[in-house]
Amino acid sequence: MKIWPVFKKEMRLYFTSPIAYVVFFIFLVVLGWFFSQILNWFSSASLQSAMNPSMGRELNVTDSVMRPLFGNISVVLVLALVPFLTMRLLAEERQTGTIELLLTYPVRDWEVLIGKYLAVFGLYSALVFLTLLYPLILAYFARVEWGTVLSGYLGLLLMGSSFLAIGLFASSLTGSQIVAAAWTFGILLLLWVIGWGADSLGGTWGKVLQHLSTLEHNDNFAKGVLDTKDVLYYVNLTILALFLAFRSLEVRRWKG
């Protein structure tokens with residue numbers, strides 16, 4: 001299997017160029033700002049609760065700080081991180097003409113896809129791992145519900161896996177990295193907002209829209225709710241996107 005060489009090549013490209021360092025810097029700065037603002041609000045609410053005991057009973061550091069933070073991480077993923085990370089995976093190969101050379105190597109299409117996918121997922125996982133600093137800071141000052149926190153991180157990893165697969169598929173469709181990023185952003189944004197009309201639509205179609213919404217499934221993880229349907233949603237979405245990317249590569253090889 002040639003997955004490992006493809007994986008190493010992609011990781012080397014990330015860290016021998018400014019891409020990984022720029023992404024890490026921007027992501028951590030933005031998330032650090034979000035965390036500080038949420039923590040400031042929680043501190044103010046805690047001071048107010050000292051004068052209003054009934055309000056204090058509703059305050060919980062996990063629900064009041066970590067849950068909004070998970071939501072902010074998801075927004076950053078949709079708006080910037082995933083489209084930026086995945087836009088070059090196959091689009092750059094097509095733009096430079098190296099995709100034809102790559103497809104003539106004794107490497108199967110699925111090995112190319114999986115190698116590239118695992119590389120970008122590894123980079124994404126490293127970013128998510130660095131955010132563990134935030135609940136550790138909270139745990140120093142207050143009691144953190146680690147079960148809920150770990151559930152939230154599982155949701156981020158599953159959601160990221162599906163988002164990255166969609167980005168890989170979008171990158172396989174075009175030779176322009178900008179177009180690939182735009183396609184990725186558009187698809188992810190649609191999946192993000194599609195559930196907004198579920199309540200007004202109602203009935204079977206409302207349930208369908210609600211099920212298709214990534215926001216709905218991710219929020220369950222952030223609440224500490226582990227449901228098989230949420231896990232299967234992200235797993236199936238990942239498999240579908242990777243399958244479509246594989247078919248796109250096959251068409252490319254068939255056309256020569």
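Helix α9 spans residues 146-172, 27 residues in total. Its first and last C-alpha lie 39 Å apart, close to the 39 Å expected at 1.5 Å a residue. Of these 27 residues, 22 are buried, so α9 is largely enclosed by the rest of the structure. Buried means under 20% relative accessible area (1.4 Å probe, protein chains only).

The model is predicted: local features need pLDDT of at least 70, side-chain atom pairs count only at pLDDT 80 or more, and totals for chains, interfaces and linings use all residues. Residues are numbered from 1 along each chain as its sequence is written, and side-chain values use heavy atoms, without hydrogens and water.

| Pair | Axes come within | Crossing angle |
|---|---|---|
| α4 and α8 | 11 Å | roughly 165 degrees |
| α8 and α9 | 12 Å | roughly 170 degrees |

Axes are lines fitted to C-alpha atoms over the stretch in contact, with angles from 0 to 180 degrees between N-to-C directions.

Helix α4 covers residues 61-86 and helix α8 residues 133-141. The two are therefore roughly antiparallel (angle over 145 degrees). Their contact (heavy atoms within 4.5 Å) joins Val 61, Val 65, Met 66 and Leu 69 of α4 to Tyr 134, Pro 135 and Leu 138 of α8. By class, this contact has 7 nonpolar, no polar and no charged residues.

The axes of α8 and α9 cross at roughly 170 degrees. That makes α8 roughly antiparallel to α9. Here Pro 135, Leu 136 and Ala 139 of α8 meet Trp 146, Val 149 and Tyr 153 of α9. This contact has 6 nonpolar, no polar and no charged residues. Nonpolar covers Ala, Val, Leu, Ile, Met, Phe, Trp, Tyr, Cys and Pro; charged covers Asp, Glu, Lys and Arg; the others, Gly among them, are polar.

Notes:
Helices (H or I, at least four residues) and strands (E, at least two) are DSSP runs, numbered from the N terminus. The expected span of a helix is 1.5 Å times one less than its number of residues. Buried means under 20% relative accessible area, exposed over 50%, partly exposed in between (1.4 Å probe, protein chains only). Angles under 35 degrees count as roughly parallel, over 145 as roughly antiparallel, 65 to 115 as roughly perpendicular and the rest as oblique.
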